[in-house]
Structures are given as structure tokens and as C-alpha cells.
Amino acid sequence: MEKILITGATGNVGLSTLKLLDSRNYPGIEVVAAVRDIERARKTEGIANCNFCHFEFDEPSTYDKALEGVTQIVLIRPNQVSDVSRYIFPFLAKAEKIGVKHIVFVSIVGAERNRIFANHRTENHFKKLSIPSTILRPSLYMQNLSTLHRHDILIHDRINIPAGHGLVNYIDVRDVAEVIVASLISPVTGSEAYELTGPEPLDFNQIAKIFSDELGREIKYTKPSTIKFVRQKLLDKKQLLYVLTLSLLYTAARSGKMNHTNDVIRSITGHDPRNLADFIHEYRDCWIRNDADSAPLKPRSRLRRRRL
Ligand SMILES: NC(=O)c1ccc[n+]([C@@H]2O[C@H](COP(=O)([O-])OP(=O)(O)OC[C@H]3O[C@@H](n4cnc5c(N)ncnc54)[C@H](OP(=O)(O)O)[C@@H]3O)[C@@H](O)[C@H]2O)c1
């Protein structure tokens, strides 16, 4: 009997993984979603009947119960949990102690090179553990466009990302989830790591064009400088480390580090990775304005005020 614990189970990748495991209903596999708020999680579409346990990285008293009988873990580190020595390593120490036999860790593209990434420190920590691990380094998620950048596209008709003319090989989290599930079904006994890319590198002018064609209104790529982007995100009250990590990722895109693709998704799942135009078409309602969504009124210019 396998018991799989998924952290970050209500987020982008965790939710997709949970839904996929639930729909496949593998015999002999029990799946538990580790969540901060069980009642809230139960209301999430499509997972009402899943098993949940209460779990918070920053509440170590929740670790033991969540880990009871667990044989494999899908470790998704929430962006907010950046102090990994304090909140991720002690959790992994408990997992090692109870004999968890495999962990799939969702890292991020370039984490092996960038010391500033919390996922870099977590990847390195796995080298000190005796638990076999599969480290996945997905490229940027398409779902960022329907979450993180949704407001800019919906309200301001713009993509406000400091990637210059760089290319990005966006990936759909549903493809990442398929790779996670494949890794759980045939767990390794040593350690392995894969970079996961989407199907095609595109620049943000091309991406803005796909949006414009799909939505029937012009979406512009504003190409902000990194400094302007960081300032804006800090004004939006985003965490500094998170903003720096995002900026580094977009800087990597600008300098050509995301302009490649590989065939890992295809070789593991048997199909091509989902493409961005299809994703934007499928989720187009996210960026369609209704009466309630309208751009905030711009302050009147001084000139106009004087005239009034
Ligand atoms: N975004 C990208 O483009 C991208 C690309 C590749 C890799 N990654 C990596 O993916 C990871 C984030 O995954 P994601 O985007 O799937 O997550 P996400 O959508 O940001 O969701 C975060 C999840 O973590 C949970 N959570 C938040 N704080 C928690 C805490 N203190 N204790 C326990 N759970 C907590 C949230 O639960 P609640 O429902 O309670 O809030 C939610 O389920 C990061 O490590 C990032 O580096 C991101």
C-alpha cells in the first residue's frame, strides 16, 4: 500500500496533481492533500471527495500527523515559505526518520545554478538525505498568465513582464502534474532531475499577439525595465525575495536562457506538451471583461483640472 502526501495541494501544480491522481484512482494508492484549511480546500472545484490533512510548513506541530504512514511525498514549496532551513529541512528530516521512500520535489528552471532561489537550497539539501528523490525543474507556468499577470491583462490590456525580447517556453502545470504522477508510479531508488519545458519558445510580443487574436482587443507588451517591475511589485506588497526570484527568472528569459525546449514531457507522458495558444483559448474567460471589471479612472491631468 502506498500513501502519497501532496503539499501545496490547492496551488497550481498540487491541485492538478491531486485531480489527476483522483481521476486515475490507482489501486493500492491512497492520496492525501496536505492543506492549511481543510474546509476551504474542500470547496475547491473537483476535489471535494479527496482525503485531506491539516498541514502548515510554518507550524511544525502539524508535521507528525501529516506524515503518518506516508511512503511518498510530492513536495511543493509555497513561494511564501522562503526560509527553507527553518520550515522545509525539518519537515524533510521527519520524512527521512519515518522512512519515506521517495520524494518528488517540484523545483524550478535554473534552480541548480541560482543560489538566491530557495529551491536551489532545497535541491542541495536533498544531497544530504538518504531519501531517493526526483527533482523536476519546470519552466515558467502558463497559469501565471491567468493568476499573477491576469489583472494587468484583464484591466489594463497589457503584459507587464521585464523579459525584453527574450523567449520563454511556457509550460502548462497539467503536463508537470503528469510527470509527477509518472514519477510516483515508478519511483526511483536513487536520485534524478529533469528540466521540463513547454513546446515552443515565444517572445512576449508574440504572446501579446496570441492574446489579442483570442480576446478580440489589443493586448500590449510593455517591456518594463527590471527596476520598474520590482518597484511595482513591491508597491503591490509582494514579498521581496519572491519579487527578486521573479525578476531573476525574467532576466534569464531576457538573456536567452529559456529559448530552448526539450522532449522530456513527450518521452514521459507520450504526448507533446500543451501549447500556449490552446491554453489561452481554453481559459479565455479569465481575461474577458464584464461590467464589474473596468479600468480604474486615471487621475485627471493638471492641465485638465485647471481648465475645469
Ligand atoms: N510560477 C511558476 O512559473 C513556477 C515555475 C516553476 C516552478 N515553480 C515553483 O512552484 C512552487 C509553487 O508552486 P505553485 O505555483 O503550484 O503554488 P501556488 O499556486 O503558489 O500555491 C501555493 C500552495 O502552497 C500552500 N501554502 C501556502 N503557504 C503554506 C504554508 N505555510 N504551509 C503549507 N502550505 C502552504 C497554498 O495553500 P493555501 O490554499 O492554503 O493558500 C497553496 O496550496 C514554487 O516552489 C516555485 O518555485 C513556479
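Reader: Which residues of the largest nonpolar core touch the most other members?

Author: Of the 78 residues in that core, they are Leu5, Ile6, Ala34, Val176 and Ile180. A nonpolar core is a set of buried Ala, Val, Leu, Ile, Met, Phe, Trp, Tyr and Cys residues joined through C-beta atoms within 7 Å. The largest share of the core, seven residues, is supplied by helix 8 (residues 173-185). Before we go on, please note that this is a predicted model: local features need pLDDT of at least 70 and side-chain atom pairs count only at pLDDT 80 or more, while totals for chains, interfaces and linings use all residues. Residues are numbered from 1 along each chain as its sequence is written.

Reader: With which residues is valine 176 in contact, leaving aside its neighbours within four places in sequence?

Author: They are Val13, Val106, Leu136, Pro138, Ile171 and Leu196. Contact here means that the C-beta atoms, placed from the backbone, lie within 7 Å.

Reader: What makes strand 4 mostly covered?

Author: Five of the five residues in strand 4 (residues 72-76) are buried. A residue is buried if 20 or more other C-beta atoms lie within 10 Å of its own, exposed if 12 or fewer, and partly exposed in between, with C-beta atoms placed from the backbone. Gln72, Val74 and Ile76 point one way from the strand, Ile73 and Leu75 point the other way, and all of them are buried.

Reader: How do you know that strand 1 and strand 2 pair?

Author: Two strands pair if DSSP finds at least two bridges between them. Strand 1 (residues 2-6) and strand 2 (residues 29-35) have five bridges and run in the parallel sense, so they meet that rule. Isoleucine 6, for one, stands opposite alanine 33 in strand 2. Strands themselves are DSSP runs of E with at least two residues, and helices are runs of H or I with at least four, both numbered from the N terminus.

Reader: How many bridges join strand 1 to strand 4, and how many join strand 4 to strand 5?

Author: Three bridges join strand 1 to strand 4, where isoleucine 4 has glutamine 72 as its bridge partner. Strand 4 and strand 5 are joined by five bridges, and isoleucine 73 stands opposite isoleucine 103 there. Both pairs run parallel.

Reader: In what order do the seven strands of the open sheet stand?

Author: The order is 3-2-1-4-5-6-9, with parallel pairing.

Reader: What makes strand 3 and strand 9 edge strands?

Author: Strand 3 (51-54) and strand 9 (191-196) each pair on one side only. From one strand to the next, the twist averages 20 degrees.

Reader: Why is asparagine 25 called exposed?

Author: Asparagine 25 has 8 other C-beta atoms within 10 Å, so it counts as exposed. Asparagine 25 sits in the loop between helix 1 and strand 2, and its phi is near 45 degrees, a positive value in a residue other than glycine.

Reader: Which residues come nearest to the ligand?

Author: Of the 27 residues around the ligand, Gly8, Gly11, Asn12, Pro78 and Ile108 come nearest. To be near a molecule or strand, a residue has its C-beta atom, placed from the backbone, within 6 Å of it. Helix 1 (residues 12-24) gives the most to this shell, with three residues.

Note on methods: Axes are lines fitted to C-alpha atoms, for helices over the stretch in contact, and angles run from 0 to 180 degrees between N-to-C directions. Two residues are in contact if their C-beta atoms, placed from the backbone, lie within 7 Å.
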